[in-house]
Protein chains: 4
Amino acid sequence: MDFASDNGGPVHPSVFEALKAANDGYAMGYGNDPLTAEVTARIRNLFEAPEAAVYFVGLGTAGNVLALSTLVQPFETIFCTPMSHINVDECNAPELYTGGAKLTLVPGTDVMTPEALRTSIEAEGNRGVHGPQRGAVSITNVTEEGNVYTLEQIQALCDVAKDYDLPVHLDGARFANACVALGCTPADMTWKRGVDVAVFGGTKNGLMGVEAVVFFDPKKAWEFELRRKRGAQLYSKHRYLAAQMQAYLERDLWWDMAAQANATGSSLRAGLELAGFEVVNDSQANIVFFRATGAQHRALKDAGAIYHIYGAEPQGDEGRAIGRLVCDWSMTQETVDRFLSLLEGLR
Amino acid sequence: MDFASDNGGPVHPSVFEALKAANDGYAMGYGNDPLTAEVTARIRNLFEAPEAAVYFVGLGTAGNVLALSTLVQPFETIFCTPMSHINVDECNAPELYTGGAKLTLVPGTDVMTPEALRTSIEAEGNRGVHGPQRGAVSITNVTEEGNVYTLEQIQALCDVAKDYDLPVHLDGARFANACVALGCTPADMTWKRGVDVAVFGGTKNGLMGVEAVVFFDPKKAWEFELRRKRGAQLYSKHRYLAAQMQAYLERDLWWDMAAQANATGSSLRAGLELAGFEVVNDSQANIVFFRATGAQHRALKDAGAIYHIYGAEPQGDEGRAIGRLVCDWSMTQETVDRFLSLLEGLR
Amino acid sequence: MDFASDNGGPVHPSVFEALKAANDGYAMGYGNDPLTAEVTARIRNLFEAPEAAVYFVGLGTAGNVLALSTLVQPFETIFCTPMSHINVDECNAPELYTGGAKLTLVPGTDVMTPEALRTSIEAEGNRGVHGPQRGAVSITNVTEEGNVYTLEQIQALCDVAKDYDLPVHLDGARFANACVALGCTPADMTWKRGVDVAVFGGTKNGLMGVEAVVFFDPKKAWEFELRRKRGAQLYSKHRYLAAQMQAYLERDLWWDMAAQANATGSSLRAGLELAGFEVVNDSQANIVFFRATGAQHRALKDAGAIYHIYGAEPQGDEGRAIGRLVCDWSMTQETVDRFLSLLEGLR
Amino acid sequence: MDFASDNGGPVHPSVFEALKAANDGYAMGYGNDPLTAEVTARIRNLFEAPEAAVYFVGLGTAGNVLALSTLVQPFETIFCTPMSHINVDECNAPELYTGGAKLTLVPGTDVMTPEALRTSIEAEGNRGVHGPQRGAVSITNVTEEGNVYTLEQIQALCDVAKDYDLPVHLDGARFANACVALGCTPADMTWKRGVDVAVFGGTKNGLMGVEAVVFFDPKKAWEFELRRKRGAQLYSKHRYLAAQMQAYLERDLWWDMAAQANATGSSLRAGLELAGFEVVNDSQANIVFFRATGAQHRALKDAGAIYHIYGAEPQGDEGRAIGRLVCDWSMTQETVDRFLSLLEGLR
């Protein structure tokens with residue numbers, strides 16, 4: 001019963017098949033191999049974006065910060081939420097890669113509203129040369145706290161950004177889970193809304209470690225290539241990144257894996273609510289935050305459930321703490337049921 | 001007949017076996033899995049360095065620049081050769097990761113002499129606060145041009161560095177090839193000579209993409225971990241890095257693969273010399289630089305040989321250009337023989 | 001009636017006398033002149049800190065960011081208020097000089113409380129390698145909004161910092177105004193409370209452009225010198241910085257100028273309150289924030305008063321906006337009286 | 001007899017007159033004062049460049065690195081000589097300000113030839129994404145070793161740069177001395193030759209500390225302003241920079257001071273040669289390098305001459321070392337004669 005993270009589960013077996021299939025003889029390095037060309041073309045097709053520039057990197061943080069570093073100058077700022085991965089979980093990687101740009105935390109926690117974004121942008125614009133300049137907007141779907149922006153919400157955020165001529169970056173570490181939750185295409189969730197650069201994540205959804213960075217306008221393509229190399233993120237044996245992504249696209253594996261993760265997540269949420277537990281987030285995807293007493297958390301963990309507890313863990317029956325449950329593609333309904341069955345004894 | 005690079009060949013099949021074996025259920029992310037602990041312990045054993053701190057990264061450039069960024073301050077300089085990978089093939093990644101440290105190019109081209117190193121260090125030390133301060137020495141074995149430093153040469157370079165209290169970094173993208181060429185242990189080539197940090201490369205020697213960074217003195221270990229995260233180089237699904245390295249260490253696969261690469265390289269060199277071609281480098285490992293006319297190069301390429309030509313390619317029979325032949329673990333004697341048989345018709 | 005800023009007024013005439021006195025023959029450059037030695041010694045005396053390392057720079061921002069860059073690593077964060085100069089008025093200079101460290105905005109606006117500081121520090125410490133590490137605490141006295149921390153408040157903030165072994169930086173652009181307001185010595189306000197590095201500002205208090213950076217523990221002195229040079233902040237004709245500071249120290253000119261600024265500030269505050277206007281800040285020094293209608297602000301400006309209005313300027317009698325009045329050493333009681341006399345007609 | 005540096009002498013008295021004249025009442029800060037507007041307009045006139053963007057900074061290094069940071073990307077390289085100030089005397093400031101761009105040292109020492117520049121540019125262009133990209137060319141006139149590029153030489157270097165579409169930066173710490181040596185106008189030496197950005201230095205030529213950065217094409221003006229602020233180089237009390245430059249321009253003071261420095265420099269050179277000493281550099285301006293024995297240097301120093309000796313100082317009569325003599329605007333013929341009279345006793 002491991003709900004600790006969607007990077008803890010196994011890699012989908014078809015990925016290894018694709019890796020072995022790619023392991024045939026010599027291939028040009030650094031992305032100049034035919035498989036990389038083929039798979040990037042397929043991603044352009046998937047996104048209905050024939051002009052897009054598509055690049056592979058091995059980690060989500062790398063995708064985020066390389067994308068952002070081509071969008072902002074070092075004297076600018078990036079508008080994001082306090083809970084965003086680029087703020088709390090990248091140990092100043094955005095600052096490193098952008099050469100010292102700032103992150104402006106849009107008031108709120110995990111979900112950005114258009115109103116708050118507009119207020120933040122306005123506030124950053126009245127100090128002339130003295131303050132950082134407005135640089136870019138970064139949003140995440142599925143968010144860190146498991147919320148899913150609707151297409152209308154993404155559109156509204158992009159509209160605010162466009163009012164100030166700011167580019168929009170989408171952190172898509174859980175891109176597939178968001179698509180499945182929304183029942184939409186990748187194009188629906190990105191350029192059709194106004195997103196300029198999206199990270200199409202694979203690592204949290206069954207791959208070993210590949211993310212595709214998709215620039216819908218390729219004018220920054222060459223700069224990205226240079227920044228990727230300078231960031232020590234250009235893999236020599238590039239075909240093995242491409243192969244993973246090839247497996248991901250084959251027969252919509254990316255969708256099916258996310259669908260399984262979301263379905264088990266939904267089942268968890270429903271079961272928790274049925275058992276009378278408060279589910280904190282508006283969970284439409286694969287992450288469920290729920291509140292329980294310290295004793296309840298302890299009982300669940302003693303019974304073999306593995307997950308993170310946020311904030312200070314309460315000691316007795318009094319306080320309540322939030323637990324985070326994450327399902328990946330390999331989560332089974334059986335495991336979920338086993339977890340839910342534990343809840344009965346906790347009331 | 002692909003001699004273009006040792007990153008062009010296939011991955012050793014046992015790597016896929018190890019990956020699949022590691023792909024069992026859940027595992028903690030970010031290097032907190034048992035396999036990572038096991039494999040780093042094996043590397044400490046291999047290096048006879050029980051105190052060493054060992055980390056995995058996915059690319060050689062990442063290993064180099066992260067190691068260097070823990071050794072030097074941004075107002076310091078790194079002594080290296082003009083041909084070193086950190087100078088010519090990392091697109092300013094050292095400057096990014098160190099926060100703007102400088103590279104001081106020790107006079108020469110590919111092989112650093114102790115005398116030239118001392119002269120360079122002396123020259124950087126007489127401008128007080130005005131010039132960059134002496135930071136670290138970086139050497140490479142096997143060098144970019146296929147030369148192998150002897151243990152005595154490494155010792156002599158480290159001795160000079162120690163005279164100025166400078167740490168020594170070893171770029172070991174072809175570490176195994178150097179060990180085989182020298183018939184020495186990893187410890188012989190590193191800390192026993194005075195090397196402080198070594199990159200134990202796997203990517204160019206049959207792995208998909210893993211390098212181990214080995215700090216013989218662990219005092220910088222935590223700083224390295226933070227810099228690795230900040231550099232967007234901390235893999236979440238870390239067990240798949242460990243698994244590759246596990247296969248590498250198993251029954252000395254790393255040695256055997258390098259031995260095959262070196263043996264085919266030696267055969268190439270011997271065959272070229274026998275056929276009357278000039279071999280430019282003191283090739284003891286897996287890279288051979290040889291001089292031929294433009295017509296000869298063209299004939300070889302027309303016959304299916306793939307390799308890089310350095311500098312301007314001469315047009316006719318007159319000029320001569322240097323070709324670089326690289327053998328990896330998968331190079332066969334048969335392929336070498338086929339290449340050498342082409343030489344007969346070129347005289 | 002210019003209340004726009006304390007950097008808008010004239011330089012004290014004795015500064016020019018000191019400059020001319022220093023302009024005699026040749027002097028060693030880069031701070032190696034006898035006058036620099038003499039004046040830094042006097043600052044050590046003034047701070048009762050015989051071991052301190054004292055350096056001059058030409059701008060307050062330079063003092064702040066150079067000091068901070070020696071205190072924090074690029075993977076760390078600096079705790080400061082949202083209104084702090086380093087956050088809102090330095091256009092990412094802290095990020096540049098620290099190599100990409102982050103600023104963590106302690107909840108509140110202008111004045112940091114020990115409780116909020118502790119909460120922020122705690123919150124930054126629970127993500128292991130994933131988030132930025134705790135680096136330093138930066139406070140400002142007088143604050144940007146004209147508030148003055150008491151000695152007890154400074155002590156309490158330093159105590160929190162020390163609980164986490166974090167160094168404390170004091171932005172002292174208005175150091176003298178704070179000392180006068182508190183009736184304390186420079187030592188009282190700094191190392192006796194736990195401050196590790198202070199900027200002893202001169203530019204806003206009658207000098208042309210000099211700030212002294214005072215490290216109470218000199219162990220970072222040489223690093224500071226290198227970072228100052230690397231930051232393009234090491235003046236060759238250094239005696240002219242020293243001369244300004246010499247005039248500043250002579251017969252406590254620094255105190256007297258700040259006393260005049262504070263006295264006229266107090267007079268402004270008293271007059272505004274007497275006339276029924278709301279004074280927003282707890283003004284003990286030379287800056288007064290007051291609320292008035294758009295019509296009132298317009299009338300004052302039409303009558304020749306010069307000052308900044310914060311936020312959107314209201315158009316009619318309805319809304320109210322905050323005006324900022326700043327007094328420097330050259331502000332006269334006569335000018336204050338003239339301004340206050342305008343208030344009578346505004347009721 | 002102080003020939004140590006042209007930053008060691010006094011400031012011209014008229015500078016203090018201008019400072020006091022500017023010290024009248026309040027003025028807008030940060031360059032928004034009328035005097036700054038007036039003086040920058042005069043510089044545009046002086047350079048016959050009505051469209052130019054002109055900015056003041058307080059140090060030559062700041063002018064150089066801010067200018068370069070607007071010209072190059074962090075993944076690019078700057079072509080300069082090994083002896084250039086940006087390479088040897090700025091402690092990695094260019095690397096800091098550019099975010100980690102590299103300096104490519106054009107073979108030679110102090111004077112760059114068009115042929116060597118072209119060779120260096122060509123060599124940096126053949127590694128695709130792997131190496132740094134070509135960024136900008138930086139030249140210095142007068143050079144660090146006291147040589148003066150002719151207008152034809154500057155033209156030839158700019159022509160090479162233009163062949164590769166690279167901008168040209170001119171380090172003009174001794175701009176005036178070069179103009180006087182060449183008998184040319186500022187326009188002749190800059191944009192008419194192809195220079196894109198010039199630093200018009202004042203600090204080494206009688207001012208306290210001001211340099212004007214002149215962008216002949218103003219398209220980077222706003223970026224420069226942001227980078228200047230971010231670099232902690234935007235002075236609040238800006239009128240005192242402008243006043244110094246005002247004095248500099250008044251009745252061609254800048255020319256007259258440089259003319260005096262060059263004249264005394266020429267007299268030194270002539271006297272040294274007459275006395276049989278070897279003058280090493282092609283000194284047309286205010287710096288003379290001459291070779292003498294250790295005993296001769298010691299005798300000169302014992303007699304009160306102050307200057308730097310380069311390299312290891314020889315101990316007896318055998319070895320010879322190079323001494324550097326620098327004259328500034330305040331150097332008198334009498335002092336030169338006194339120095340030259342010492343030479344007689346040394347033969």
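Between chain B and chain A the count of salt bridges is zero, a salt bridge being a side-chain nitrogen of Lys or Arg within 4 Å of a carboxyl oxygen of Asp or Glu. The elements that give two or more residues to the side of chain B that touches chain A are α1 (13–22), α3 (60–71), α5 (93–98), α10 (221–230) and α11 (239–249) of chain B. Of these, α1(B) supplies the largest share, four residues. By class, that side of chain B has 22 nonpolar, 16 polar and 12 charged residues. Here Ala, Val, Leu, Ile, Met, Phe, Trp, Tyr, Cys and Pro count as nonpolar, Asp, Glu, Lys and Arg as charged, and the others, Gly among them, as polar.

This is a predicted model, in which local features need pLDDT of at least 70 and side-chain atom pairs count only at pLDDT 80 or more, while totals for chains, interfaces and linings use all residues. Residues are numbered from 1 along each chain as its sequence is written, chains are lettered from A and ligands numbered from 1 in the order in which they are written, and side-chain values use heavy atoms, with hydrogens and water left out.

The table sets out the two interfaces. Contact means heavy atoms within 4.5 Å. Buried area is the accessible area (1.4 Å probe) that two parts lose on being put together, summed over both.

| Interface | Residues in contact | Buried area | Carbon and sulfur share |
|---|---|---|---|
| Chain B and chain A | 50 residues of chain B, 50 residues of chain A | about 4100 Å² | 59% |
| Chain D and chain B | 20 residues of chain D, 20 residues of chain B | about 1500 Å² | 42% |

In chain D, the residues that lose the most area to chain B are D:C91, D:N92 and D:K102, together 37% of what that side buries. Two salt bridges are counted between chain D and chain B. The side chains of D:K102 and B:E95 meet in a salt bridge at 3.0 Å, N to O. On the side of chain D that touches chain B, α4 (85–88) and β3 (102–105) of chain D each supply at least two residues.

Within chain A, four strands form an open antiparallel sheet in the order β8-β9-β11-β10. Strands are DSSP runs (E, at least two residues), as are helices (H or I, at least four), numbered from the N terminus, and two strands pair if DSSP finds at least two bridges between them. β8 (278–279) and β10 (308–310) of chain A stand at the edges with a single partner strand each, so one side of each lacks a neighbour in the sheet. β10(A) pairs with β11 (residues 320–326) of chain A over three bridges.
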